[in-house]
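User: Please look at the model shown below and take me through its surface and its charged pairs, with the cut-offs behind each term.

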Amino acid sequence: MAPSALRTRAAAALRMKQIAVDNQDRTIRSLRAQLATQRRGSAATKKELEETRVALEASHKVIAGLTEIGLRMSKKVERMKVKKQQIRANHVECHQKFQARIHEAEDSMQAQHLLIEALVDENDSLLQTIHGLQEANNAPAPAPFDGDWEEEPEEEPEEDEIEDIPLDEGEIDDE
């Protein structure tokens, strides 16, 4: 082969090697760029994961706090229910006591009414007996009782009964 063909072949082989090196260089740069992008993405993902973890911890604390508040409120509601039942029971008991007092008062009033009726009947009977006795003795009949009592006037002290007290010297007589 001719020396120029060897040179051309060597130059072509060298050029092929140069193209292969250039291709490898571009591939390396592309892979480095992808690696940098993935590292940035990984860092962003790590940051997001950390923020998510912090938010999750905060959520757990809020949930725990709300759960505690809910438990306290449930206990309070239960205490209020018990208190309401006690108040209702007390109200029923008081109502029953008042009803019993009302019935006692009604019974007492009814008994008093019956007693008054009996006394009125007895009074009428006594008045008829008195009237009958007066007629038997020919005594004048008293006026029927009209329900008004005659009141006797109260005795007032007369002015003559007040003693005159002698005045000492220097006292003024206002009369």
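User: How much accessible surface does the protein chain have, and what share of it belongs to carbon and sulfur atoms?

Analyst: This is a predicted model, in which local features need pLDDT of at least 70 and side-chain atom pairs count only at pLDDT 80 or more, while totals for chains, interfaces and linings use all residues. Residues are numbered from 1 along each chain as its sequence is written, and side-chain values use heavy atoms, with hydrogens and water left out. By the Shrake-Rupley method with a 1.4 Å probe, where for residues only the protein chains shown count as cover, the accessible surface of the protein chain comes to about 17,400 Å², of which carbon and sulfur atoms hold 57%.

User: What percentage of the residues of the protein chain count as buried?

Analyst: Buried means under 20% relative accessible area, exposed over 50%, and partly exposed in between (1.4 Å probe, protein chains only). Among the 175 residues of the protein chain, the buried share is 1%.

User: How far apart are the closest N and O atoms of E50 and R53?

Analyst: E50 and R53 are three residues apart in helix α1, so about one helical turn separates them; helices are DSSP runs (H or I, at least four residues), numbered from the N terminus. E50 is partly exposed at 37% relative accessible area, and R53 is partly exposed at 39%. They form a salt bridge (a side-chain nitrogen of Lys or Arg within 4 Å of a carboxyl oxygen of Asp or Glu), and their closest N and O atoms are apart by 2.3 Å.

How values were computed
Helices (H or I, at least four residues) and strands (E, at least two) are DSSP runs, numbered from the N terminus.
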